[in-house]
Amino acid sequence: MSTINEVKDYITEKFAKDISSEDLPSDIDLNATGILTSVSTVQLLGWCGRTYRIPINSIPIDPDVLKTPEGIAKFIDSHRVGADK
Amino acid sequence: MDEEQWSMFMKELRGPGEEEEPELRKGFSLDLWGRLSESGLFASLSDMGRDGGAGLKTAVRRVRELGRTSPDRGLTFSAVTQLASTVYCLRGFASKELQERYLPAAEAGTAIGGHAITEAAAGSDVMNMATTATLRGDTYVLDGTKRFITNAPVASTLVVYAKTVEDGEEKGLSAFLVETAWPGVDTSRAMPTAGLRSSPIGEVLLEEVEVPTSHRIGYSGAGLLILDQVMKREILLAFAGNIGEMERLVQRSVDHVNEREQFGTSIGSNQLVANRIVESQIAIELGGALIESIADRIDGFDEMTIPIAAAKIFISEANVASVLNAIQVHGGNGYLETSPLPIDLMDALPGAIYSGSNDLLRTKIATMLGIVN
C-alpha cells in the first residue's frame with residue numbers, strides 16, 4: 001500500500017470516521033476542515049514516529065506539510081528511516 | 001562539560017547550614033547564578049545535536065543532583081527554564097546564525113533567558129493567546145502582554161510565542177528570539193509569588209517591537225510544535241529537579257527521626273513515623289525511574305506526550321506529599337518560621353500548575369486515549 005493511502009486510512013479511522021479513506025481528497029486542508037486539531041496533530045505525529053521510525057521529537061517540522069494527506073505522506077517518505085535526505 | 005567544575009560546585013553548595021536557608025531563598029542571587037553558570041550546567045546540552053544524544057541525559061542527572069544538593073529550589077527552577085526555554089530551543093530549532101549569536105552566552109549563563117507564553121486570558125488555552133507577530137517587510141512587529149514569565153525580570157533574551165500574521169493570513173503560532181533591551185520590550189513588572197521566590201517571575205510587555213525575520217525560530221507557524229518539544233524537555237528537567245528535592249527532604253527527615261527522641265527512643269523507631277519517609281522514598285524510586293525512562297526514549301520514535309504528562313502529574317503531587325510528610329515528622333519544629341520546610345511546601349505547590357496544569361494534563365491523557373469528551 002502506498003504511503004498516501006496509509007495516511008488516509010489512519011486519518012479516517014482515527015479522526016474522520018464518517019468519511020471513507022477513498023473519499024478523502026489528497027489535498028484536503030485537514031486544519032481548515034477541523035479534522036486535525038492541536039491534540040490530533042500530536043497523535044498523528046506519534047503514529048508517524050511509531051509506524052515509520054521517524055524521530056519526531058528531534059526534527060524541526062514545518063506545520064504546512066501536515067496540512068494535507070499528500071503533505072503528510074511526503075513528510076513520511078522524506079524522513080522515514082533509510083530515506084534519502 | 002567539565003566534570004570537575006560541576007563536582008566542585010556541588011561541594012560548595014553543601015556549605016550553607018539549615019539555619020541560613022530561609023534567608024538564602026528570599027530572592028534571586030546573581031552571585032549564585034554566576035557560580036552555577038561557571039559549573040557548566042547550561043552547556044550540558046552541547047552534545048545534543050539535532051538527533052538527541054547524551055546531553056539531555058547529562059542535564060537531567062545534573063538537575064536532579066542540583067535539586068538534591070541546593071536548598072534553593074527557585075535557583076533550580078530558573079536554571080531549568082534557562083536550559084529548556086533558551087538553550088534547548090535554540091539548539092533544536094534555531095538557524096545557525098541565531099545559534100552562533102546567542103548560544104554561547106546562554107550556555108555560559110551570562111545571558112539569562114526565558115520563554116514568554118502565558119497571557120492573562122491564555123494560560124492552559126495557549127492557542128487563545130492575543131500576542132501577535134505581524135510581518136511588515138523584513139521585520140515582524142510584536143504586540144501583546146505576557147504574564148508569569150519565569151526569569152523575565154533578569155532576562156536579557158526571551159523566546160516569545162505569538163500568533164503570526166503574514167500578508168493578512170494567520171499562520172498559527174511562531175517563536176521569536178527577542179532581546180529584552182530592544183525598544184518596546186518592558187520586563188520591569190515583577191510578579192512576587194508565594195513560593196519559588198528566588199526564581200524571578202514577571203510580566204513582559206511588547207509594544208510595537210520590531211523583530212528581524214532572522215530572529216524567528218524554526219518555520220513560520222511551527223510555534224506550537226516547537227513549544228510542545230520545549231515543554232517536554234522543561235518537564236523532564238524540572239521534575240528531575242523535584243526528585244532531587246525529595247531526596248534532600250528524605251535525608252533531612254531520616255536525620256531528624258534518628259536524632260529526635262520521645263518516650264525514651266528515637267521517633268523513627270515508631271513505624272508510623274518511619275512509613276511517612278518510606279512513602280516519599282517509594283515516590284522517588286518510581287518518579288526517578290519514569291524520568292530516566294523518558295530521557296532514554298525522548299529522542300526516539302515514540303510519541304511521549306502521555307508518559308511525560310503522567311510523570312509530571314505523579315512527581316509534582318508526590319513532591320507536595322513528601323514535604324507534608326517531612327513537616328509531619330519534624331512536628332512543631334517543622335512549622336517554625338525559621339524552618340525551611342514551610343518554604344519547601346510553597347515551592348512545591350506550583351509544580352501542579354506550571355508547565356501545564358495537572359488537571360489539564362489529565363484531560364489531555366484522556367483525549368489521547370480516545371475517550372470522547
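**Entry 1: chain A**

I read along chain A and found the pattern α-α-α. My count there is 3 helices and 0 strands; helices (H or I, at least four residues) and strands (E, at least two) are DSSP runs, numbered from the N terminus. Before going on, I note that this is a predicted model, in which local features need pLDDT of at least 70, side-chain atom pairs count only at pLDDT 80 or more, and totals for chains, interfaces and linings use all residues. Residues are numbered from 1 along each chain as its sequence is written, while chains are lettered from A and ligands numbered from 1 in the order in which they are written.

Next I looked up the dimensions. The C-alpha trace of chain A spans about 35 × 25 × 20 Å along its principal axes. For 85 residues, a compact globule would have a radius of gyration near 12 Å, and chain A agrees with its 12 Å. That radius is taken over C-alpha atoms, and the globule rule is 2.2 Å times the number of residues to the power 0.38.

I then checked burial: 28% of the 85 residues of chain A count as buried. A residue is buried if 20 or more other C-beta atoms lie within 10 Å of its own, exposed if 12 or fewer, and partly exposed in between, with C-beta atoms placed from the backbone.

**Entry 2: a glycine in a loop**

I stopped at Gly34(A), in the loop between α1 (3–14) and α2 (38–52) of chain A. Is Gly34(A) buried or exposed? It counts as exposed, because I find 11 C-beta neighbours inside 10 Å. From Gly34(A) to Ala16(A), 18 residues away in sequence, the C-alpha to C-alpha distance is 9.5 Å.

**Entry 3: the cores**

Now I turned to the nonpolar cores, sets of buried Ala, Val, Leu, Ile, Met, Phe, Trp, Tyr and Cys residues joined through C-beta atoms within 7 Å. The largest has 102 residues, and those with the most contacts inside it include Leu83(B), Leu142(B) and Val160(B). Helix α7 (residues 223–259) of chain B gives the most to this core, 16 residues. Another core lies apart from it, with 17 residues, among them Ile11(A) and Leu44(A).

Beyond its neighbours within four places in sequence, its contacts include Val160(B), Phe176(B) and Leu206(B). Two residues are in contact if their C-beta atoms, placed from the backbone, lie within 7 Å.

**Entry 4: strand β4 of chain B**

I found that 8 of the 10 residues of β4 (residues 157–166) of chain B are buried, so this strand is largely enclosed by the rest of the structure. Which strands pair with it? Strand β1 (residues 113–116) of chain B does, in the parallel sense over 4 bridges, and Ala116(B) stands opposite Val160(B) in β4(B). Strand β2 (residues 132–136) of chain B is also parallel to β4(B), over 3 bridges, and here Thr134(B) has Val165(B) as its bridge partner. Strand β5 (residues 169–179) of chain B pairs with β4(B) in the antiparallel sense over 10 bridges. Two strands pair if DSSP finds at least two bridges between them.

The hairpin of β4(B) and β5(B) has 2 residues between the strands, and Asp167(B) takes a positive phi near 55° there.

**Entry 5: a buried leucine**

I looked up Leu45(B), in the loop between α3 (30–38) and α4 (54–69) of chain B. Leu45(B) is buried, with 27 other C-beta atoms within 10 Å. Its C-alpha atom is separated by 4.2 Å from that of Gly55(B), 10 residues away along the chain. Leaving out residues up to four places away in sequence, Leu45(B) touches Leu83(B) and Tyr88(B), among others.

**Entry 6: where the chains meet**

How many residues of chain B are in contact with chain A? I count 26 residues of chain B, in contact with 20 residues of chain A. On the side of chain B that touches chain A, α7(B) supplies the largest share, 5 residues. That side divides into 10 nonpolar, 8 polar and 8 charged residues. For these classes, Ala, Val, Leu, Ile, Met, Phe, Trp, Tyr, Cys and Pro count as nonpolar, Asp, Glu, Lys and Arg as charged, and the others, Gly among them, as polar.
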